[in-house]
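Please open the model in a viewer and keep the selection tool at hand. The stops below are given in the order in which they may be selected.

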Amino acid sequence: MVGTAEHNLLFGYSMQSPVKPLPVSSGIGLRGIHVSEVLQSRPNIPWLEVHSENFFIEGGPLLANLEAIAQHYPLSFHGVGLSLGSASGLDLNHLATLKKLVCHFSPALVSEHISWSRVGETVMNDLLPIPYTEESLAIVCDHVNQVQDCLRRTLLVENPSSYIAYNHSTLLEWEFMAEVSQKTGCGILLDVNNIYVSSQNHGFDALTYIHYLNPAMIHEIHLAGHHVELVEGYPLHIDTHSTHVCNDVWELYAQTLKHTGPKPTLIEWDSEIPSLSVLMDEAAKAQMILENL
């Protein structure tokens, strides 16, 4: 149960203005080093995605710049800190701050990860994997419902990249993702690179995963680069967001769109960030695939 003070914290903000959908085209993740260039030159980018927690602030130039950008570009908010899989419950202060931000900007989409990163007051700076069990499913669904009730809008949940599997999991990852969406009405942010990375690490068929999901569940797609490292002589695919999308992921993206139909698609690049023109070139590749289904 949410107490009176917590209820006011979560539900005390006014409703946001009407939400405009994202264009069904390819956008890029907006990173700090590109903000000035975007403001000054207003490049031809259909839409932008930002990490929600970067704007958990009260005023200042960072928020002012995002407000200026929002006048010209549709936005999607992508969170990394709600910890939907934490058995200790959601951080209500985090959720209230997210609600305030969402009410202020009315982004087209709001998303989070199927992962956990918090136990009580201890926070790990990582998106940690959860076991795919009925118990975990109930916890994630309860938290997704809580977030959607608070925000009064649909949340998207993103499939993880994974490097370990739990022996006591009773569901396949794609079954788990579908169950969360079916039970809560949330959407799925389908990260095609994550599916490819996990399929290579665990030996499952990526298209089996994708074809299992109802296309109506999928509201957005992510693409990113990854690296391969040898660990004890075995190749480990690591989701680094630090390089170009590889050819195999481009091919998997094209196959994905044959199943889902056109979806808003984002190029993620979070470390070793290149020039804005390089990101736009990657987005142009995605746009070409979108337009040539």
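Begin with the largest pocket, which holds about 810 Å³ of space. A pocket here is an open set of points on a 1 Å grid over the protein atoms alone, where a 1.4 Å probe fits, with protein on both sides within 12 Å along at least five of seven lines. Grid points are joined across faces, edges and corners, and the volume is the space filled by probe spheres set on them.

The model is predicted: local features need pLDDT of at least 70, side-chain atom pairs count only at pLDDT 80 or more, and totals for chains, interfaces and linings use all residues. Residues are numbered from 1 along each chain as its sequence is written, and side-chain values use heavy atoms, without hydrogens and water.

Next, select Val80, His113, Asn125, Asp126 and Leu127, the closest to the pocket centre among its 32 lining residues (those with an atom within 4 Å of a point). Strands S5 (116–119) and S6 (122–128) are the elements that give two or more residues to this lining; S6 supplies the largest share, 6 residues. Strands are DSSP runs of E, at least two residues, and helices are runs of H or I, at least four, numbered from the N terminus.

Then move to helices H7 (residues 192–202) and H9 (residues 247–260), whose axes come within 9 Å and cross at roughly 115°. Axes are lines fitted to C-alpha atoms over the stretch in contact, with angles from 0 to 180 degrees between N-to-C directions. Select Val192, Asn193, Ile195 and Tyr196 in H7, which meet Asp248, Val249, Leu252, Tyr253 and Thr256 in H9 (contact means heavy atoms within 4.5 Å).

Finally, display the whole chain, with its 10 helices and 12 strands. The C-alpha trace spans about 55 × 50 × 35 Å along its principal axes.
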